[in-house]
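Have the structure open as you read.

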Amino acid sequence: GKQGLDCLLKLMEALKYSTLQNIEDNNVARRLTEEAISICPENPMGYAQLAQIYNVDIPLGNTKSPRETLEKAIELAQKAIAMDDSLPAPHIFLCTSYSFRREYKKAIAEGERAVALDPSGSTANAAHATALLFACQPEEAIPMFQKAIRLNPNADPVTFLNFGHALRMTGRFEEAVLAFRKALQRAPNNLI
């Protein structure tokens, strides 16, 4: 009904702000997502999206306690998964949180789960690749980054940045420079 639609529109609007990767817009995204959760607390995507907003706060430095922010992100993603285990998004966001927490085995497992649920999802593949990169497995990460970028040539600048790091770590410097250049073209003002 109308309530569900209002909720969905708010979540979509919040996502638009959150992807801009700066403090001000992430705070707007949080407010909209919290409003969506209050309108439809039974929708797991609200909790998943709030988890990701907390994840974004960490590299932005938009938190007094990164540890507490990560705890919140993990709790919210797990809550969404408990409500509906078939959604790739909360697994993607949990993958990111575990990577930040240096719990690489858990991060890779969530990345694998996300890809299993959404094999042709650019974001799922990028999250799995990033978990592998952070776990110092750049060789394994590279083909997954390539797949993520093939699936979405306009991928998030951070995807190109991390792809560049994986290439650099394996000595593929010329390719790394190209990836870094693409990251910069996509986000000249806000590379986190």
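## A greasy patch

Patches here are built from residues with over 30% relative accessible area and no salt bridge, joining like charges within 9 Å and nonpolar side chains (Val, Leu, Ile, Met, Phe, Trp, Tyr) within 5 Å. A salt bridge is a side-chain nitrogen of Lys or Arg within 4 Å of a carboxyl oxygen of Asp or Glu, and areas come from the Shrake-Rupley method with a 1.4 Å probe, where for residues only the protein chains shown count as cover.

This is a predicted model, where local features need pLDDT of at least 70, side-chain atom pairs count only at pLDDT 80 or more, and totals for chains, interfaces and linings use all residues. Residues are numbered from 1 along each chain as its sequence is written, and side-chain values use heavy atoms, leaving out hydrogens and water.

Leu5, Leu8, Leu9 and Met12 make a nonpolar surface patch of about 390 Å². Leu5 sits in helix 1 (residues 2-18); helices are DSSP runs of H or I, at least four residues, numbered from the N terminus. Leu5 is partly exposed at 48% relative accessible area (buried is under 20%, exposed over 50%, partly exposed in between; 1.4 Å probe, protein chains only).

## The cysteines

There's one disulfide (two cysteine sulfur atoms within 2.5 Å): Cys7 to Cys40, S to S 1.8 Å. Cys7 lies in helix 1 and Cys40 in the loop between helix 2 (23-39) and helix 3 (44-60), so the bond ties together parts 33 residues apart in sequence. Cys7 is buried at 1%, and Cys40 is buried at 3%.

What about Cys95? Its closest cysteine sulfur, in Cys136, is 15 Å away, too far for a bond. Cys95 is buried at 1%, while Cys136 is exposed at 58%.

Terms used: Helix = DSSP H or I, 4+ residues; strand = E, 2+ residues; numbered from the N terminus.
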